[in-house]
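We'll take the contacts pair by pair.

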Amino acid sequence: MKRRVIREIAVQSLYQMEMNDVQSGEAVAMLLSEAAEENETERSIDGDEDSVRDTLLQLVNGCWKVKDSVDGVLTDYLKGWQVSRLSRVDRQILRLAVYEMVYRDDVPGKVAVNEAIELSKHFGTEESGKFVNGVLGKMLQDLEQVTARLEGFAE
């Protein structure tokens, strides 16, 4: 399964967790089940389903665990906005991107930003891509400071 598809499912899982107060395992299982059925999402699971599930759970759980501290950092980059006022989709996309930028060694910062922009264009509103680009672009410039600030909040 491609990383972009994994990110799509991760964002949807985070959204489900916030909206419906479900646990990560339940959200991931439901979305993987949909993907396995090759429904309207046009996604399919290639390879080892257990490996995909483990990768997703690691991403979703890691992001969820540090979401409050990530939200605190995001607040500094949301000119005139509060995290709570963002659309739920944009909020999950931003959280996932910051998590990948700071806590994942296997994802270069620029890749995390570009993927977040694409996800926001896919899931968000017409303006979401520009908004996510602006917020994450500035964070990427300040990545050392952002990382230092989040250091104490290990996944």
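Start where helix α1 meets helix α5, residues 88–103: their axes come within 9 Å and cross at roughly 125°. Angles over 145° would count as roughly antiparallel and 65 to 115 as roughly perpendicular, so α1 ends up oblique to α5. The crossing is right-handed. Keep in mind as you look that this is a predicted model.

Who does the touching here? On the α1 side you'll find Arg 7, Ala 10, Val 11, Leu 14, Tyr 15, Glu 18 and Met 19. Facing them from α5 are Arg 88, Val 89, Arg 91, Gln 92, Ile 93, Arg 95, Leu 96 and Glu 100. Sort the residues of this α1–α5 contact by class and you get 8 nonpolar, 1 polar and 6 charged.

Now stay on α1, which spans residues 3–20, and look at its contact with helix α3, residues 49–65. These two pack at an angle of about 50°, with their axes 10 Å apart. Roughly parallel would need an angle under 35°, and α1 and α3 are therefore oblique to each other. Their crossing is right-handed.

For this contact, α1 supplies Ile 6, Ile 9, Ala 10, Ser 13, Leu 14, Met 17 and Glu 18. From α3 come Thr 55, Leu 56, Leu 59, Val 60, Cys 63 and Trp 64.

What sits over its ring? The charged end of Lys 67 does, 4.6 Å from the ring's centre. While you're thinking about rings, the structure holds 2 aromatic pairs.

Lys 67 leads us on to helix α4, residues 67–77. The axes of α4 and helix α7, residues 128–141, come within 10 Å and cross at roughly 105°. That angle falls between 65 and 115 degrees, which means α4 is roughly perpendicular to α7. Val 73, Leu 74 and Tyr 77 make the contact from α4, while Val 135, Lys 138 and Met 139 make it from α7. By class, the α4–α7 contact has 5 nonpolar residues, no polar ones and 1 charged.

Conventions. Residues numbered from 1 in each chain as written. Predicted model: local features only at pLDDT ≥ 70, side-chain atom pairs only at ≥ 80, totals over all residues. Heavy atoms only, no water. Axes fitted to C-alpha atoms, helices over the stretch in contact; angles between N-to-C directions. Helix = DSSP H or I, 4+ residues; strand = E, 2+ residues; numbered from the N terminus. Contact = heavy atoms within 4.5 Å. Nonpolar A, V, L, I, M, F, W, Y, C, P; charged D, E, K, R; others polar. Phe/Tyr/Trp six-rings, centres within 6.5 Å; stacked < 30°, edge-to-face > 60°. Lys NZ or Arg CZ within 6 Å of the ring centre and 35° of its normal. Left-handed = near helix turned anticlockwise from the far one by under 90°.
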